[in-house]
Every structure is written in C-alpha cells, then in structure tokens.
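Let's take a friendly walk through this structure, one piece at a time. Have the viewer ready as you read.

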Amino acid sequence: MRLYAGPLQKSNGGERAQPHRPHRAKVSQARRGRLCRFAATDFPSRPILIPWILLDTASVPGNGGQLSLMRRGGEFAIRLKGNELMNSRLGGSEEALATIACAKVATRQNPRVLIGGLGMGFTLRATLAALGPTAQVTVAELVPAVLTWSRGLMADVFGESLDDPRVCIREADVGQLIRSGPSAFDVILLDVDNGPEGLTRASNDALYDLQGLRAARTALSSGGILAVWSAGPDAAFAKRLLKIGFHVSEVRVRASKSLTGAKHVIWIATAPNF
C-alpha cells in the first residue's frame, strides 16, 4: 500500500497524488533586518581577558624579598610579596614628586638632583622635563635587576631618558650617596620602597628616622628640597621632619594621570636658608 502525502488531483492518466510542500511563513525584508539586529546586539561577545605573565624575578639585597616583573599586554608591574609596588599605567604621583620639588629650584644655576629609586623611571623623566640643560641628575638604584630591566624588558617604558647627558645612574644605596658630603644636592627625591612605612628592607627605615633625615638636611644646599613619596599618610614622619628643622607641606595626589584612583602622599620639606 502506498501512502500519499497530499490530496489527489485529476490528470489525463487518472488520479495522482499532489506532492507535499511544507508551509513556509513569509518573512518581510524589514522582519529579516530586525532578526539580524537582534542576533548582533543581544548576544555580544565576551571581552578577552589578558593574563599577567611573569617575565623575571630578582632578590632585593639585604633579605628584602623577591621582586617580580609582570606584563599584561603593554602594561608592566613590579610586585613584592603579592603587593604591587609600581605599575606602568599609574605614575601620576611619582611624576608629581619631581615636578613639585624641581619647580622650587628651577631658577638655580646647575641644579643638582639626587633620586632614590629608579623604579619605572616616572620620577626621572619628570625631573628631566622640569629642569634645564645644565641640571645634574643622579639616580641611585640598589637592585641590579631593575637597571637591567630598564634597558631590556622595559626599554620602551624608559625611552631615551637613561641616555640623557644630564643623567648619572649609580648602582648604590641612596643613603650612602646622601652621606657623601654636605650641601651636595639642591633636591633629594626619595621614592624608595613604599615610603616611610616600607615593605622591603628594614634598612630603608634609616632613611626616614631622625638620623636619616638629619643626614638629608646636611646633604642639601641652602633652601634645598627633600621630597618624599609615600603610599599613605604618616603623622609621625611629618613630625620628625619638623623636628629636624624642615619647613613642611603635605600634598596628596592621585596615582593615575587621569586624576582617578588611589591618593598618595608627597612631603615637600624645605631646608632652612643659611
């Protein structure tokens, strides 16, 4: 027996089955457009998350722990014990450290600047931008790997700053350079560790105690500037600056150049005129 899918229709040869044609709903051109727009907009693709990649590690002298250099796309970060010490996207406060302090000595002939800590070079580049061609800028960096990274893995971040003729890079403890002689510098910029409440070396505390601040004052010229970066406020440190005889102002600046994000603290301590 044959089954037919449709009704019988007449033909010259008798009755035959009408072939089955499934019903198709007509869709207008406008309707097709709405369906296409629905598919494109109501099911957006998920953003691609770029993972952090470990590029290198380095030990901080004096049992200060291990630094990790990380990269995510074009972004770099240096971390210690899970804490991010610096990030290539967030250099606003480090730049402000140099800009505010150097503005106070910009009219001096041959200003001499000592920078404690190279980091990602934000403070160095801002110092060079703030001062003229006769400035002398010494950068003290204790961790050899940071110097290597600055000319290797992070060379694009530093640009040409390290080859500026005004710059002298020293692989040394900034505390030793501070004690190298009286009135040796017009500006001392300390961007060491995480500020007075450090995370890395216990010996960094010697920069911020009374003896260390007294040494900094001795190393400054008349009316010279000691500028200190910190991740947060420290009332005890401000009192120590005053006790040494500095004129002190405290400035809070954003970490990001876009004026968003966390606020950091910069102390501008001016040595007395003599």
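## Around H264

In this predicted model, H264 touches S93, W229, S230, A231, V251, R252, V253 and A255, leaving aside residues up to four places away in sequence. One of these, S93, also meets H264 through a polar contact between the two side chains, at 2.8 Å.

Where does H264 sit in the chain's secondary structure? You will find H264 in strand 13, which covers residues 263-270. Is H264 buried or exposed? Its relative accessibility is 14%, and because buried means under 20%, H264 counts as buried.

Now let's turn to another part of the model. Here 4 strands make up an open sheet, ordered 3-4-5-6, with antiparallel pairing. At the edges are strand 3 (53-59) and strand 6 (83-87), each of which pairs on one side only. On average, neighbouring strands of this sheet are turned by 25° against each other, direction ignored.

As a reminder, strands of a sheet pair through backbone hydrogen bonds, in either a parallel or an antiparallel way. Strand 5 (residues 75-80) and strand 6 run antiparallel and are joined by 4 bridges. If you want a residue pair to look at, R79 has E84 in strand 6 as its bridge partner.

## A helix on the sheet

Which helix packs on this sheet, and which strands does it touch? Helix 4 (residues 144-151) packs there, touching strand 3, strand 4 (66-72) and strand 5. The direction of helix 4 makes about 145° with that of strand 3.

Definitions and conventions:
Residues are numbered from 1 along each chain as its sequence is written. This is a predicted model: local features need pLDDT of at least 70, side-chain atom pairs count only at pLDDT 80 or more; totals for chains, interfaces and linings use all residues. Side-chain values use heavy atoms; hydrogens and water are left out. Helices (H or I, at least four residues) and strands (E, at least two) are DSSP runs, numbered from the N terminus. Buried means under 20% relative accessible area, exposed over 50%, partly exposed in between (1.4 Å probe, protein chains only). A polar contact is a pair of N or O atoms within 3.5 Å; within protein, one must be able to donate a hydrogen and the other to accept it, and residues adjacent in sequence count only if both atoms are side-chain atoms. Contact means heavy atoms within 4.5 Å. Two strands pair if DSSP finds at least two bridges between them. Axes are lines fitted to C-alpha atoms, for helices over the stretch in contact, and angles run from 0 to 180 degrees between N-to-C directions.
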